[in-house]
Protein chains: 2
Amino acid sequence: MAEDIATEIDPEDDDYVLNSRFVSSVRLAVAAGDATRLADLLEPLHAADIADLLEQVDGGLRREILLLGAGIIDGEVLSELDESIREEVIEFLPRQVLEDAVRDLDSDDVVDLVEDMEEPQQTAILDALEDSDRAAVEQALSYPEYSAGRLMQREVVAAPEHWNVGNAIDFLRSNTADLPDQFYHIIVVDPRMKPVGYVTLGKLLSARRAVPLSDLFEDSFRTIPVTQPEAEVAYAFNQYHLISAPVVDDDGRLAGIITIDDAMAVLDEEHEEDILRLAGVGEGSLSDRVLETTKQRLPWLFVNLVTAILASMVISEFEATISQLVALAVLMPIVASMGGNAGTQSLTVAVRAIATKDLTASNVWRVVRREALVGVVNGAIFAVLMGTVGVIWFGLPMLGAVIAAAMVINLLVAGLAGILIPVTLERFGIDPALASGAFVTTVTDVVGFFAFLGLATLILI
Amino acid sequence: MAEDIATEIDPEDDDYVLNSRFVSSVRLAVAAGDATRLADLLEPLHAADIADLLEQVDGGLRREILLLGAGIIDGEVLSELDESIREEVIEFLPRQVLEDAVRDLDSDDVVDLVEDMEEPQQTAILDALEDSDRAAVEQALSYPEYSAGRLMQREVVAAPEHWNVGNAIDFLRSNTADLPDQFYHIIVVDPRMKPVGYVTLGKLLSARRAVPLSDLFEDSFRTIPVTQPEAEVAYAFNQYHLISAPVVDDDGRLAGIITIDDAMAVLDEEHEEDILRLAGVGEGSLSDRVLETTKQRLPWLFVNLVTAILASMVISEFEATISQLVALAVLMPIVASMGGNAGTQSLTVAVRAIATKDLTASNVWRVVRREALVGVVNGAIFAVLMGTVGVIWFGLPMLGAVIAAAMVINLLVAGLAGILIPVTLERFGIDPALASGAFVTTVTDVVGFFAFLGLATLILI
């Protein structure tokens, strides 16, 4: 039965390269100690898929795969691995294999690999690099974490302003060995190494040799400061459809280049961060262990406990009222829950809009007005519905009126809190995805219970 | 004061191109009817920023900008506009301006523009295109919505297998006018137009003329079926760091090409969908009006109302118990709320992991076991905490024991429900982001109230 559901989990399982049939074959090869068979299975896989395989299997199988097939772990696989698993794999690999793996990588991938390592391990890896590569990595590590300087690669194809197409092509043909693995533009620089424009390789290829490079400049040319936060870099790539962009140092000189695949990875991480933070999961991946996961989730549950106790203190003010009419205890969670949901809706739209720069100074008050109106309209609709339910269920028309009024109040407040709280947090430099949820539900719980029980005390008792 | 907060909303406001100073300048230019000044302001902006400006200002100012500066609305701006605003802009633009705007676009952008239009408007735009472009767009529209066929552009640079570098370069130089705006690879095809490999322009440029193209093939070569859902396309680009990939029809023949900037846009949309669906906001953007927004959010609030009433029905079974000990009414929302939060944590990690294919057949049961353990551990910690609070607050040791036991039960159930519900929905082909939230909180509310009030009835009363 367990196996049954497992094989059925993904309707397109068969298309997925790491489907259960494949994982079973790997398991069999490892059990038989068949290194050739294991290599045959893993060889055709992309490094990213090998990394996923190592993440998805349990720790025992992972170690056996590494023992039997250490050769498959190259630098690419290491850079694709999730951090928690990567540490485990690195500790397990023979020093020599690790050094070979790292030497193959571009400088930006080495940076990504070593930036979270402990001192002695980091030094060991840096020592394995050639001098020029080590200098590049150390330079990158001198930039702030999560900045363009960490993200960029230093391998750049640059050309002086006065070159024409022929000069550029001849240069490329005679420097084949030094070219980066992938490049899509030639950055044109002035004598002080400041980028003045860039030319796509497509334009270069289709132009005659005598055409000056400056005639082929792209309109979309933008430079990125080396200290720019990587989230801003990802925003720029997505907003302006950039494929690559030169990075410049404080003096405006060319320091490196960022390509769209790195920006896409950052965009993906930023989204993951937003969605997990909104749910009160700090960071977290499926490969974390029970204790790590517990520790990650505990603080947010603790914050929630405090806010829940606050809400309970509101209820406790009305114990006398509830003891006279227990129906209030039955209905009160509905008002709070509806407010919490409506608040989360507004909040999520706001957090997302702040991230995409759609919620800005020019429209914040209009959006607040809209959320308030939506709250009132939805509040009115559910007031009628819930008022009716209240009357039918408990036969008390005034109870229906009280829950209806509390519903309108709480949904209006939910709409306002859902926008104003994240906007205010953002203003104080706090990530709205991180902290808004707890504030918003505190507001809707407290207001919901207070409005409902308070009105009930005034009107019914 | 309002203006104060507004200008402060973004700490890096000054770096942002559409900052409040800029928007004020636009407003002034429009108020003065100064078309030249308006053009001077908008001219340097990227189409994506002009689109954002039109989205962020209110409807009145938007219409005035369009009246005074219709010339700035080209095809690029139209494709960047959010759908609801785009419809408004299109209806407002003179037919001639609209036709000119559309004629500039690549086929994939035209498809994106017309696919959601009403019949007469769509026909009008298609009629404005040249015959070959119209055929391309109509072909694309024949593929399913959200498929690779809709996403791809048909402008491709392809070369026969037997060509060498020199042939390819000569071909590019003599066909300059027909080349796509942006291209990064040459797709090499067999005589039946099946892609057999691709060559980066960097390799092409740095190789000698006599080298056969087949010597320069990239390892990362992958083709995408024309019917593949766009979410899968985005996954492949992100997983395999693709820059562009050829799209093939059912017979394996080259049909078009997808580039990473389009894949990045899809990834961004998929994330938006996940985050909004998890919050119970179907679709929604800041530029939607009050009534649209109300309609989008209503169904999810209604689902929440039903689940909240279910939970209330559980409470109502215990009315007699509550009337004997009102402290139960004060404490019961805490148990439910903690369960709801823990469930949302597990759920969000699961939904995200399903989207990134990190939760698969090979690890689903391990993850379920882990979530259960995390639930028990966190449950135990909060049981101790909350049990103590219960004792101190109400002076009833057994009440503390009851809330502690209910807490462990509900956090265990929350962990299980948070994983099993999205996995099961996925198995039945339902988007887990869409429906899981309501199910999970129903489970945690019902279990939370039932465990707490049930145990209280057994032990305390």
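## A:Leu61 in helix H5

In this predicted model, A:Leu61 sits in helix H5 of chain A, which covers residues 59-68. A:Leu61 has 18 C-beta neighbours inside 10 Å and therefore counts as partly exposed. A residue would need 20 or more such neighbours to count as buried, and 12 or fewer to count as exposed.

Leaving aside neighbours within four places in sequence, A:Leu61 is in contact with A:Arg27 and A:Val30. A:Val30 is 31 residues away from A:Leu61 along the chain, yet the C-alpha atoms of the two are separated by 8.0 Å.

## The sheet of chain A

Chain A has an open sheet of three strands in the order E4-E5-E6, with mixed pairing. Strand E4 (224-225) and strand E6 (254-259) are at the edges; each has a single partner strand, so one side of each has no neighbour in the sheet. Strand E5 (residues 244-248) of chain A is joined to E6(A) by five bridges, and these two strands run antiparallel. One of the pairings is between A:Ser244 and A:Thr259, its bridge partner in E6(A).

A helix also belongs to this picture. Helix H16 of chain A, residues 260-278, lies across E5 and E6 of chain A and runs at about 65 degrees to E6(A).

## Strand E5 of chain B

In chain B, strand E5 (residues 244-248) is mostly covered, with five of its five residues buried. In a regular strand the side chains alternate between the two faces of the sheet. For E5(B), B:Ser244, B:Pro246 and B:Val248 lie on one side, B:Ala245 and B:Val247 lie on the other, and both faces are covered.

E5(B) pairs with two strands. Strand E4 of chain B (residues 224-225) runs parallel to E5(B) and is joined to it by two bridges; here B:Ile224 has B:Val247 as its bridge partner. Strand E6 of chain B (residues 254-259) runs antiparallel to E5(B), with five bridges between them. In E6(B), B:Ile257 stands opposite B:Pro246. The hairpin of E5(B) and E6(B) has five residues between the strands, and B:Gly252 in this hairpin takes a positive phi near 80 degrees.

Two packed helices are described by the angle between their axes and the distance between the axes. Helix H2 (residues 20-31) of chain B packs against H3(B) at an angle of about 155 degrees, and their axes are 8 Å apart. That angle makes H2(B) roughly antiparallel to H3(B). The crossing of H2(B) past H3(B) is left-handed. B:Ser25, B:Val26, B:Ala29 and B:Val30 of H2(B) make the contact with B:Arg37, B:Leu38 and B:Leu41 of H3(B). By class, these are five nonpolar, one polar and one charged residues.

Helix H4 of chain B (residues 47-56) is largely enclosed by the rest of the structure, because eight of its 10 residues are buried. Among the buried residues are B:Asp49, B:Asp52 and B:Glu55, as well as B:Ile50, B:Leu53 and B:Leu54. The elements that cover the buried residues of H4(B) include helix H3 (35-42), helix H5 (59-68), helix H6 (75-80) and helix H7 (83-92) of chain B.

## Helix H19 of chain B and its partners

Helix H19 (residues 327-355) of chain B packs with helix H20 (residues 364-394) of chain B at about 160 degrees, with axes 12 Å apart. H19(B) is therefore roughly antiparallel to H20(B), and their crossing is right-handed. The residues that meet include B:Ala327, B:Leu331 and B:Ile334 in H19(B) and B:Glu371, B:Gly375 and B:Asn378 in H20(B). This contact of H19(B) with H20(B) has eight nonpolar, four polar and one charged residues.

H19(B) also meets helix H22 (residues 432-459) of chain B, where the axes come within 8 Å and cross at roughly 150 degrees. This makes H19(B) roughly antiparallel to H22(B), again in a right-handed crossing. The contact of H19(B) with H22(B) has 15 nonpolar, nine polar and one charged residues.

## Where the chains meet

Between the chains, 114 residues of chain A are in contact with 113 residues of chain B. On the side of chain A that touches chain B, helix H19 (residues 327-355) of chain A gives the most, with 16 residues. The residues on that side of chain A divide into 62 nonpolar, 32 polar and 20 charged.

Key: Residues numbered from 1 in each chain as written. Chains lettered and ligands numbered in written order. Predicted model: local features only at pLDDT ≥ 70, side-chain atom pairs only at ≥ 80, totals over all residues. Axes fitted to C-alpha atoms, helices over the stretch in contact; angles between N-to-C directions. Helix = DSSP H or I, 4+ residues; strand = E, 2+ residues; numbered from the N terminus. Parallel < 35°, antiparallel > 145°, perpendicular 65-115°, else oblique. Left-handed = near helix turned anticlockwise from the far one by under 90°. Contact = placed C-beta atoms within 7 Å. Nonpolar A, V, L, I, M, F, W, Y, C, P; charged D, E, K, R; others polar. Pairing = 2+ DSSP bridges.
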